[in-house]
Amino acid sequence: MSGALLADIGGTNARFALAQPDRAAPQLLPDSVQIFAVADFPSLADAARHYLDRTGAAPSHGVFAVAGRVDGDEARITNHPWVISAERTRIALGLQRIDLVNDFAAQAMAVSLLQPADVVAIGGVAWRGWNESGDRTYAIIGAGTGLGVGALLRRDGRYYPLQTEGGHVSFAPGTPEEIEVLQRLSGEFGRVSNERLLSGSGLVNLHRALSQIAGEDPGPLQPADITAMAREGDARCLRAIDVFCAVFGAAAGDLVLTLGAWDGVFLPGGLVPKLMPWLAHSGFRQRFEHKGRFSPTMARVPTLAVTHPQPGLLGAAALAAQFAPATDRTDAA
């Protein structure tokens, strides 16, 4: 089968799927999604070859969304040792073409295909979907293994994703408690970015810092340990999640101000669904809106948790439709 090989590569998982490029309605082929642990493969090419061997697919080109900065032909995964060369990977897989993009360029493009049923509003401002005409600017910020940041612009009926490394901007504390957290993390890391708090490892960092402030040693924990203990009512874990959600809201609001993304902010990422039991009842929305003279404006901006199971792959399918030669598209004349 020809068509496009799609990949969404994070620091923990490599997700693959297939799509038939269709500019009018890009979509994933049914039952084509498979997920592998990146630690199980020495390279992206090995993981992709494993996927192709399992499916028997023979795609003509690929769109690989990677959690790291793309610099020409090369990309480095920020939270994993893989270094990816588009050309070497293309040759290894026998593809005609590979396009490397930042994973949040794909997450941004996915927004263009989402429907209201694919999101849950955090706060009282609903999203009306794509029924409105005119230009639009959306922010995208999502917590998973790392913190991804991007944007989607709609101009004259076309969509333009922005690739950024905004997850690595400096953390700005907003409360005395967060100042203490920053002091603890500064002693450990030197410079403290938002990703040091707003990610899976960031939740662990937050819990450790809060424990140290209380004069306790929490011992080694994983993010899943913290959410599990929070469900059981552990006060320190619940506080770590509360601070996480508040900082997440503040960072999302800052991103809206930076981009002028008055049409909304989307929240994808593997950690967001796990925090949904707490997110809607946390300080997320209050800190999102708390922007001084712009607070009334922020109160009208929707904040939308993405519940679509594979938004990164969906966005890669949209990009594949843009990148594919006209002869490969099902909508070609």
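Contact means heavy atoms within 4.5 Å of each other. Helices (H or I, at least four residues) and strands (E, at least two) are DSSP runs, numbered from the N terminus. The model is a predicted one, in which local features need pLDDT of at least 70 and side-chain atom pairs count only at pLDDT 80 or more, whereas totals for chains, interfaces and linings use all residues. Residues are numbered from 1 along each chain as its sequence is written, and side-chain values use heavy atoms, with hydrogens and water left out.

**Exercise 1. Identify which residues of α4 are buried and which are exposed, and state what covers the buried ones.**

Step 1. Buried means under 20% relative accessible area, exposed over 50%, and partly exposed in between (1.4 Å probe, protein chains only).
Step 2. The buried residues in α4 include E178, V181, L182 and L185. These residues cover an arc of only 105 degrees around the axis, which puts them on the same side of α4; the arc is that of the directions from the helix axis to the C-beta atoms.
Step 3. P176, Q183 and G187 lie on the other side of α4 and are exposed.
Step 4. The cover over the buried residues of α4 includes α5 (200-213), α7 (235-259) and α9 (284-289).
Step 5. Just after α4, G190 has a positive phi of about 80 degrees.

**Exercise 2. Describe how strand β2 pairs with β1 and with β3.**

Step 1. Two strands pair if DSSP finds at least two bridges between them.
Step 2. Six bridges link β1 (residues 4-9) to β2 in the antiparallel sense, and A4 has A19 in β2 as its bridge partner. Three residues separate β1 and β2, which form a hairpin.
Step 3. β2 and β3 (residues 34-37) run antiparallel and are joined by four bridges; F16 stands opposite Q34 in β3.
Step 4. β2 (residues 13-19) is mostly covered, with five of its seven residues buried.

**Exercise 3. Give the strand order of the open sheet of three strands and name its edge strands.**

Step 1. The order is β5-β6-β7, with antiparallel pairing.
Step 2. β5 (70-71) and β7 (83-85) are the edge strands, each pairing on one side only.
Step 3. Three bridges connect β6 (residues 74-76) with β7, and S85 in β7 is the bridge partner of E74.
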